[in-house]
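Thanks for coming. I'll go through one structure this morning, a few places at a time, so please have it open.

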Amino acid sequence: MKEYDVKCIRCGARFPKDDIVYTCRNCVSAGPRGEPVSGGLLDILYDYSKIDRERIVKATGEGVWRYRALLPFDDEIKPISINEGNTPLYRCDRLAKSIGIEELWVKHEGLNPSGSFKDRGMTVGVTKGVELGVKGVACASTGNTSASLAIFAAKARLPCYVLLPKGKVALGKVAQAIMHGAKVFSLKGNFDDALRVVRVLCEEESIYLLNSVNPYRLEGQKTIAFEIAEKLGWAVPDRVILPVGNAGNISAIFKGFSELMTLGITTTIPRMTGIQAAGAKPIVNAFKENKEEITPEDNPETIASAIRIGNPVNAAKALHAMRSSGGGAESVTDEEITEAQLLLARQEGIGVEPASAASIAGLKKLLEMGEIERDERIVCVTTGHLLKDPERVIQICEPPIEVEADVDVLRKMVRSPFEAMKCM
Ligand code: AN7
């Protein structure tokens, strides 16, 4: 049996492995708005002295389950899997040159099966749910979590309920959630409202909650760190930059790098740098003001709908990750996000949704501010695929040119000087 503890990061209380618990029951106190759900976040802790580092360094298999020595399951487990992970790490010299740095890599998580990094967390979370014998799964979502959960729930033959903020979810994500058979609710409220109600619903109806407050989700997502280090020859980049919404992913990637160090596979941790949208930046504010707790934002707003989140549940873990790694937090405007989305698409052929482009926009901004050295080895994580949000593309790019099926007309057009299609 794999030994691990489910432990509160705030008070240290431990919970049995077969207990369905999302936040600590021991240190529950009133939350920022008086809600009774703010016990400390939980973490999965292993006895690292019993983990053979060779099983990570010489791992077999592909993707998330390649690293099962550091996942909370016995080796015999049959995962609910659709080949998640194993995404490309592109070296982006052209983009690096144009923004003025020496070494830039992009880890394109948009090439996961559902088109976002959420699949890494869901394969682990849903496999755990099946092991626990749950009768259904649920989440609140800005879109990608629901798309991913719907797929894994279908694979596991579990009923799936998802709550989406009405009118604020990109089209591709809604398409996935309904196609794969989830019961989809369009909630009159924003993501934070949806998460608040789904947490209560899951407790009362004994449905398994698969938002990133569920610590098993982050166990899957930490494999992003393992893949980055492995592809660099078990080396660690100087800095990892990624968009931050509910703040689970930055916490998970930090944990992955920390575990590699604990096992003696690597010797450093990258500066973890989180980027939020200017209209939804509670973590950036807390980081800059040196505060332990965030002040929730009531009306978060950004075109990067994936990270339109005002009350990020994993803030405590994320602030720790950024501070203890010497990293940082910055916000970018919707215009900066759009510009970065175009740069990635046209200079490197990497198609990402707006939230993902925040990583590149943040890199540019931090360079201009002098916060990042030009010789740092940098990895940006692009979290979701371009096709998630086709409506945004239509808004910012010139539409296709309507033309008669006439070679003469077309000839004239292709002989005129080539102009890349304009945007904005
Ligand atoms: C493309 O789907 O929160 O900081 O409900 O879809 O770990 O929350 C999505 C988040 C970044 C932020 N990029 O990650 C959801 C949801 C993309 C995302 C994030 C999300 P976290």
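In which hand, left or right, does H9 pass H11? The crossing is left-handed. Before the details, keep in mind that this is a predicted model.

Let me stay with that pair. H9 covers residues 248-262 and H11 covers residues 315-324. Their axes come within 8 Å and cross at roughly 50°. The angle makes H9 oblique to H11. On the H9 side, Ile250, Ser251 and Phe254 make the contact. On the H11 side the residues are Lys317, Ala318, His320, Ala321, Met322 and Ser324. By class, this contact between H9 and H11 has five nonpolar residues, three polar and one charged.

Next, another pair of helices. H4, residues 144-156, and H5, residues 171-179, also have axes that come within 8 Å, and here the crossing is at roughly 25°. Angles under 35 degrees count as roughly parallel, and H4 and H5 are therefore roughly parallel to each other. Their crossing is left-handed. Asn144, Ser146, Ala147 and Ala150 of H4 meet Lys173, Gln176 and Ala177 of H5. That contact divides into three nonpolar, three polar and one charged residues.

The largest nonpolar core has 95 residues, and the members that touch the most others in it are Ile56, Val137, Phe257 and Ile283. Take Val137 and set aside its neighbours within four places in sequence. What is Val137 still in contact with? The list is Leu149, Ala153, Leu158, Pro159, Cys160, Tyr161, Ile207, Tyr208 and Leu210. There is also a second, separate core of 31 residues, with Ala304, Ile307, Ala340 and Ala355 among them.

Helix H8, residues 223-231, is next. Why can we call H8 largely enclosed by the rest of the structure? Because eight of its nine residues are buried. Those eight are Thr223, Ile224, Ala225, Phe226, Glu227, Ile228, Ala229 and Glu230. Just after H8 comes Gly233, with a positive phi of about 75°.

Last, a residue in a loop. Asp18 lies between strand E2, at 14-15, and strand E3, at 42-46. Is Asp18 buried or exposed? Its relative accessible area is 61%, and the cut-off for exposed is over 50%, so Asp18 is exposed. Asp18 and Leu132 are 114 residues apart in sequence, yet their C-alpha atoms are 6.5 Å apart in space.

That is the end of the tour.

Methods. Residues are numbered from 1 along each chain as its sequence is written. This is a predicted model: local features need pLDDT of at least 70, side-chain atom pairs count only at pLDDT 80 or more; totals for chains, interfaces and linings use all residues. Side-chain values use heavy atoms; hydrogens and water are left out. Axes are lines fitted to C-alpha atoms, for helices over the stretch in contact, and angles run from 0 to 180 degrees between N-to-C directions. Helices (H or I, at least four residues) and strands (E, at least two) are DSSP runs, numbered from the N terminus. Angles under 35 degrees count as roughly parallel, over 145 as roughly antiparallel, 65 to 115 as roughly perpendicular and the rest as oblique. A crossing is left-handed if the near helix is turned anticlockwise from the far one by less than a right angle, and right-handed if clockwise. Contact means heavy atoms within 4.5 Å. Ala, Val, Leu, Ile, Met, Phe, Trp, Tyr, Cys and Pro count as nonpolar, Asp, Glu, Lys and Arg as charged, and the others, Gly among them, as polar. Buried means under 20% relative accessible area, exposed over 50%, partly exposed in between (1.4 Å probe, protein chains only). A nonpolar core is a set of buried Ala, Val, Leu, Ile, Met, Phe, Trp, Tyr and Cys residues joined through side-chain atoms within 4.5 Å.
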